[in-house]
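Trainee: Hi, could you walk me through this one? I'd like to ask as I go.

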Number of protein chains: 2
Amino acid sequence: MRYIIIGAVAGGASTAARLRRLDEHAEIIIFEKGEYISYANCGLPYYIGEVITDRNKLFVQTAASFNQRFNIDVRVLTEVTGIDPGKKTVTAENQVTGDVYEETYDKLVLSPGAGPIRPPLPGIGNDGIFTLRNVSDTDYIKKYIYHKQAKKAVVVGGGFIGLEMAENLHGLGLDVTIIEMGNQVMAPLDFPLAAIVQQHIRSLGVHLYLNNAVTGFEQTDGGLAVNLKSGDVLDADIVILSIGVRPDTRLAAGAGLKIGEGRGIYVNEYLQTSNPDIYAVGDAIEFENPITGQAMVTYLAGPANKQGRICANNIVMGNVQQYHGSINTAIVQVFGMTVGTAGTASKHLKAAGIKHTVSTTSSGSHAGYFPGAKQMTIQVAFSPDNGRLYNAQVAGFDGADKRLDILSSVIKRNGTIDELVEFEHAYAPPYSSAKDPVNMAGFVAENILLGRLNIFYWDETNKIGEDDLLLDVRSPEEYRAGYIGGAINIPIDELRGRMDELSTQKNIYIYCEAGLRGYLAQRILRQSGFNNVYNLSGGYRLWKNCTAETEQNTIEVVC
Amino acid sequence: MRYIIIGAVAGGASTAARLRRLDEHAEIIIFEKGEYISYANCGLPYYIGEVITDRNKLFVQTAASFNQRFNIDVRVLTEVTGIDPGKKTVTAENQVTGDVYEETYDKLVLSPGAGPIRPPLPGIGNDGIFTLRNVSDTDYIKKYIYHKQAKKAVVVGGGFIGLEMAENLHGLGLDVTIIEMGNQVMAPLDFPLAAIVQQHIRSLGVHLYLNNAVTGFEQTDGGLAVNLKSGDVLDADIVILSIGVRPDTRLAAGAGLKIGEGRGIYVNEYLQTSNPDIYAVGDAIEFENPITGQAMVTYLAGPANKQGRICANNIVMGNVQQYHGSINTAIVQVFGMTVGTAGTASKHLKAAGIKHTVSTTSSGSHAGYFPGAKQMTIQVAFSPDNGRLYNAQVAGFDGADKRLDILSSVIKRNGTIDELVEFEHAYAPPYSSAKDPVNMAGFVAENILLGRLNIFYWDETNKIGEDDLLLDVRSPEEYRAGYIGGAINIPIDELRGRMDELSTQKNIYIYCEAGLRGYLAQRILRQSGFNNVYNLSGGYRLWKNCTAETEQNTIEVVC
C-alpha cells in the first residue's frame with residue numbers, strides 16, 4: 001500500500017502517524033510545501049509576544065524525527081501542483097531544486113488547510129503589512145518589529161487570531177488598535193458576550209474600532225498610514241491582517257473533486273471526497289453542522305487532529321468510523337480574560353430558523369469565601385420544547401475554560417439542560433461552589449423551561465412603556481451607584497412589606513445585579529397576584545456592558 | 001401548609017430556600033441545634049490554615065438574613081429531640097433556655113448530617129484532641145493552636161478532610177504527621193493514584209504512617225503522646241481526628257423510620273422516607289449507587305444541595321422529580337496538588353463483581369510549547385464489553401479539576417469511552433493541547449477495547465519470568481537514570497532496525513516513561529510477527545511511584 005498525504009501540519013501529520021500505527025508496512029509519503037511540518041501554529045502569536053521564548057518549542061516534530069519515529073517519507077519545501085485521479089498520481093515540485101516529478105498513490109489524503117485572506121486594497125503591498133499563517137510569517141513579523149523598533153500596531157480583524165495578536169503585541173509594549181468591520185469582536189459570539197470582551201479590551205487602553213474597515217494603506221515617513229472607511233487615518237509601524245481565512249481548495253477543484261456549498265472540499269461521513277481513493281481532513285473540508293444541518297467549514301486544531309485519526313482508521317480498515325462533525329468549540333485568551341463558545345450562537349440559530357431560548361447567568365469561579373474567586377458569565381441557548389442545549393458562551397477568568405468544556409461535552413452529544421442540572425461537579429473550595437456555575441446555568445434554564453421564571457433581555461428595556469413598571473430590587477447603595485433609567489428601587493428584602501406600592505394591573509420588569517434576587521422577587525410577586533412579572537436575564541451587569549458598548553460603537557462610527 | 005426542616009446546613013438550608021421560592025405562603029420552620037446556619041463547612045480547614053482570614057466569610061447566610069430574604073422561621077441552638085409521625089409533631093428543646101415544646105408539621109424534612117467518629121481510645125478525653133465538624137469546633141482548634149503555640153500536629157486519618165487539615169496545619173508552620181490505618185490515603189482512590197499523592201506529601205517533609213493506627217493518647221509534660229499500633233510513640237501539641245463520619249440517624253430511628261443497609265436513612269427515588277410525610281436529604285440518607293447498584297451513603301456538599309432542590313420540588317408539587325443518586329465525584333487540594341475521583345474505583349468495582357478494564361495515561365495540562373504546562377495522570381475504568389465509563393481518577397496541578405469534571409459528566413449519564421474520544425474541547429495554548437488529556441485517555445481506552453493495544457500493570461512486573469522479555473523503549477539517558485530490574489533497552493527509534501535481537505517466541509513486556517512510545521513499539525512489533533506483546537499502562541513513571549510507596553509502606557510498618 002502506498003499512502004500519500006498533502007500537507008503536514010495538524011490534520012495531515014496526525015493522519016500520517018495514525019496510518020503508520022495501523023499499517024507498519026505501508027509506504028507513506030507526506031508532502032509539505034512549507035519548510036516545517038507539524039508545528040504549533042496555535043502558538044505563533046505567543047512566540048511573537050515572547051510568551052514562548054524558545055523557537056524550537058514551536059516544532060512538535062521535525063521532518064527527521066517524524067521519519068525516524070514513524071518511518072514516513074517526509075518531503076518538505078515540496079508543493080503538490082496537481083492530482084490526476086484517473087492515473088492516481090500527484091505531481092510534485094521541489095521548491096529548492098525546481099525538480100518536478102510524479103508519484104503514484106493507492107490512497108491520497110488532502111490536508112491543504114486554509115489560507116489567510118489578503119484583500120486587494122490600495123497599498124497592501126507596502127512593507128510592514130503581514131498576515132500570519134506559518135512559522136516563516138512569524139519569523140518575518142518578529143524581525144520586523146525588532147528591526148523597526150515598532151511602537152504602533154494596527155490589527156485588522158477582531159477575530160480569535162486578531163485578538164491573540166493584539167494581546168501579544170500589547171504585551172510587547174506596542175500601542176495597539178483593532179479595526180473590526182462588524183459591530184462586535186469574535187463573530188462566533190453573540191453581542192452580550194462580545195460586549196464583555198470589548199469592555200475588557202478598552203479598559204486596558206487598547207483602541208477598538210467597530211463597524212469600520214480599512215480602505216487602504218499609504219507609506220509615510222514614519223511608517224504606514226492606515227485609512228479607514230470612517231475617514232480616520234491611523235499611524236502604524238506594523239499592520240497585521242487577521243481578516244479571516246479561506247479553505248485552500250485549488251488542488252481539489254483542479255482534480256475535479258466536488259466543492260461543497262460551504263466552499264470547502266466536500267467529504268462524506270467517512271471523510272472521503274467525491275473520489276473514493278481520496279480523503280480530506282482539516283481546515284479545507286466542509287461537513288454538516290450537527291446543530292443547524294447546514295454545510296460549514298471550521299478552522300480548529302482539535303477537529304483537524306481528530307479527523308486525522310478517523311481518516312486513517314477509514315483508509316486502513318475500510319470506512320469503519322463516521323465523523324460526526326464539529327460543534328465549533330473555540331476559546332481564546334483575550335488580555336488575560338478567557339472567552340469561548342461551543343455550539344451555535346443565538347444569532348446563527350435565528351438565521352437558521354431554529355427556535356431557542358437564551359439565558360445568562362453569572363457565578364463565581366469557586367466558593368466566594370475562598371480567596372481568588374472571579375465572576376464568570378455563562379450564556380446558554382436551548383430548545384424551549386425539549387431543553388436540548390444548542391450553545392454555550394463563557395467569559396471570565398479562572399475556571400471559565402472548565403465550564404465551557406463541560407458545556408461543550410453536553411452539546412456534543414445532543415444533551416439537554418437536565419444534564420446541567422444534574423451535573424455532579426468536583427467540589428472543594430479552590431475549585432467550585434456547592435452549586436457549580438454549570439448547575440446554576442441549568443437551574444435557571446430549567447426554571448425558564450418549566451415556566452417558573454419569565455425573563456426579558458437587555459435590548460428590550462427600551463420597550464418598557466409608561467404603563468409598565470421597571471423595578472430594581474438591589475440595595476439602595478447599588479441603586480444609587482447606577483440604575484436603568486425609569487426604574488424604582490424596592491430592595492428584595494423589603495418587597496414582601498411594600499407590595500402595596502405596586503399595581504397588579506401593570507407589567508412589572510424586575511432586575512437585580514446578576515439575576516438571582518430578581519428571580520426571587522418574581523417568585524414572591526407571581527404568588528401574590530401579580531401575573532405579568534419578568535426578570536432581566538443577566539441582570540444590570542450585563543445590561544450595563546451591552547449598553548456601554550452600543551453607545552461606544554455609535555460614537556466611534558460617527559467620529 | 002407548614003413545613004418543618006431539621007438541620008440548617010447544606011441540604012436543609014437548600015430545601016428551605018427552594019420551598020419558599022415554590023410556595024410563598026407556606027409556614028416554614030427550620031431547626032438547627034448548632035449556633036450557625038448555612039455555613040461553609042468545606043471552608044473550615046482553610047479558616048484554620050488562615051487561607052480564609054475573615055471569619056464572617058464562613059457564613060453564607062445568618063439566621064437573620066435567611067429570615068429576612070426567605071421569610072423562614074429560623075430557630076438556632078434548638079435541638080429536635082423527637083418526632084411523633086402519628087401526631088405529626090416534633091419535640092424541640094431550646095439549648096439556651098431549656099424550654100421544651102412541640103410543633104406540628106404537614107411535611108417534615110430531615111437533614112441531620114453525619115457526625116465525626118470519636119473512637120473510645122484510652123486518653124481520648126485529653127486536652128488538645130479535636131474533631132472538626134462545625135464552626136464551633138473550628139474556633140476551638142484555632143484558639144488552641146494559638147494559645148498553646150502548637151508546633152507539632154498529628155492528623156489521624158488520611159481521608160479528604162484529614163489531608164486538607166494536614167495541608168493547612170503544615171501551611172501554618174506546624175510539623176505534621178498523618179496516621180492512616182489503610183495501606184493508602186484517600187480510600188475512594190485506587191492505590192496508584194494514592195501513591196502519587198503520597199509521594200507528593202512525603203516530598204514536602206510531611207510524615208505519613210500507613211497500615212498503622214492510634215492505640216491511645218497520654219498527657220505528657222510538653223503536650224500529648226500518641227501511641228501507635230506499631231509501637232511508635234509520637235509527640236504532639238494537637239491531634240485532629242479525621243477518622244470518618246457516620247450518618248446521624250438517631251432521630252429517624254427513634255421515629256421508627258426505616259434505616260437502610262448502608263446505615264443511612266432509607267429514602268425512595270423522591271427522597272421520601274418510609275413515612276410519606278417525612279423526606280430526608282444530605283449526609284444522613286442512603287441511596288442506590290448508580291454504578292454498583294448497592295446502597296450507599298455519601299458525604300458531599302454538591303449532592304446535598306441538589307437533593308434539597310429536588311426534595312422541595314417533590315414536597316410542593318407532589319413527587320415530580322427523581323433523584324438519580326450520586327456518582328461520588330470528589331476532589332481535594334493536597335499540598336498544592338489536585339486529586340479527585342468520579343464514579344466507582346477499580347477496587348470497589350472488583351468487590352462488586354463488575355468486570356472492567358483500567359487504563360492510565362499522562363498528559364500535559366496544556367500545550368507543551370506554552371509556558372507552565374504541568375503533567376497530570378488520568379486513570380479510567382471502563383466496561384470491556386461496551387466501553388461504559390465507570391470511574392475516572394485524576395492527579396495533577398493546573399486543569400486537573402477540569403478533566404475530572406468532564407469525565408464526571410460522562411460517567412453521570414452512563415456514557416462510554418467513545419465520548420472521551422469525540423469530546424470537543426476548547427483548545428487554545430493556555431488551556432489544552434490539540435488533543436486534550438481527556439481525548440488521550442479515550443484514545444488509549446479505545447485502542448485497548450478494540451484490541452489494538454494489550455497492556456499490563458505495574459503490579460504485574462514481578463510476574464515477568466525468565467523466558468519473557470522486559471523491553472525499555474526509552475532513550476539510553478532515561479534508561480540509565482533508572483529502569484525496571486531485568487529490562488533491556490532498545491530505544492523506540494532504533495526498534496525497526498534491531499528487531500533481530502528479539503525472539504518472536506517470547507512474551508514481550510514493553511514500557512516507556514508514560515505509555516505512548518511503548519504503544520508505538522507494540523504496534524511495530526505486533527505487525528512484525530511478534531504476537532505476545534504488552535505495554536505497561538501508565539509507564540515507568542507510574543510504576544516508580546507505586547513501587548516506591550510499596551517499599552516505603554513496608555519499611556514503616558516494620559519499624
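Trainee: Which residue of chain A forms a salt bridge with Glu419(B), and how far apart are the closest N and O atoms?
Mentor: The partner is Arg413(A), and the closest N and O atoms are 3.6 Å apart. Keep in mind that this is a predicted model.

Trainee: Where do those two lie?
Mentor: Glu419(B) lies in helix 11 of chain B, residues 417–422, and Arg413(A) lies in the loop between helix 10 (400–412) and helix 11 (417–422) of chain A, so the pair joins two chains.

Trainee: Is Glu419(B) buried or partly exposed?
Mentor: Partly exposed, because its relative accessibility is 22% and the cut-off for buried is under 20%.

Trainee: Which arginine of chain B forms a salt bridge with Glu419(B)?
Mentor: That one is Arg413(B), with the closest N and O atoms 2.5 Å apart. Arg413(B) is buried, at a relative accessible area of 19%. As a general point, side chains of opposite charge can pair when their charged atoms come close.

Trainee: Which residues of chain B lose the most area to chain A?
Mentor: Arg69(B), Tyr369(B) and Glu424(B), which together make up 11% of what the chain B side buries.

Trainee: And how many salt bridges are there between chain B and chain A?
Mentor: The count is 14. One of the pairs is Glu446(B) with Arg309(A), where the closest N and O atoms are 2.7 Å apart.

Trainee: How many salt bridges over all chains?
Mentor: 59 by the rule used here. In chain A, for instance, Arg2(A), Glu27(A), Asp73(A), Arg75(A) and Glu103(A) are linked in a network of salt bridges.

Trainee: What about chain B, what do Asp73(B) and Arg75(B) do?
Mentor: Their side chains meet in a salt bridge, 2.8 Å from N to O. Asp73(B) is partly exposed at 28% relative accessibility, whereas Arg75(B) counts as buried at 16%.

Trainee: Switching to helices. What span should helix 10 of chain B have, and what are its end C-alpha atoms doing?
Mentor: Helix 10 of chain B runs over residues 400–412, and at 1.5 Å a residue its 13 residues should span 18 Å. The end C-alpha atoms are 18 Å apart, so the two values agree.

Trainee: Is that helix mostly covered or exposed?
Mentor: Mostly covered: 13 of the 13 residues in helix 10 of chain B are buried. The helix is followed by Asn414(B), which has a positive phi near 60°.

Trainee: Which residues of chain A have a positive phi without being glycine?
Mentor: Glu50(A) is one of them, with phi near 60°, and Asn71(A) is another, at about 55°. Glu50(A) sits in the loop between helix 2 (44–48) and helix 3 (63–70) of chain A. Asn71(A) is in the loop between helix 3 and strand 3 (73–75) of chain A, and it is partly exposed, with a relative accessible area of 38%.

Trainee: While we're on loops, where is Thr249(A)?
Mentor: Thr249(A) is in the loop between strand 17 (245–247) and helix 7 (250–254) of chain A. Thr249(A) counts as buried, at 16% relative accessibility. Leaving aside neighbours within four places in sequence, its contacts include Ile259(A), Arg263(A) and Ala284(A).

Trainee: Last one: how far apart are Pro290(A) and Asn275(A)?
Mentor: They are 15 residues apart in sequence and 24 Å apart in space, C-alpha to C-alpha. Pro290(A) lies in the loop between strand 20 (285–288) and strand 21 (295–297) of chain A, and it counts as partly exposed at 31% relative accessibility. Beyond four places in sequence, Pro290(A) is in contact with residues including His324(A), Ile327(A) and Arg388(A).

How values were computed
Residues numbered from 1 in each chain as written. Chains lettered and ligands numbered in written order. Predicted model: local features only at pLDDT ≥ 70, side-chain atom pairs only at ≥ 80, totals over all residues. Heavy atoms only, no water. Helix = DSSP H or I, 4+ residues; strand = E, 2+ residues; numbered from the N terminus. Buried < 20%, exposed > 50% of the residue type's maximum accessible area, 1.4 Å probe, protein only. Buried area = accessible area lost by both parts, 1.4 Å probe. Salt bridge = Lys/Arg side-chain N within 4 Å of Asp/Glu carboxyl O. Expected span 1.5 Å × (residues − 1). Contact = heavy atoms within 4.5 Å.
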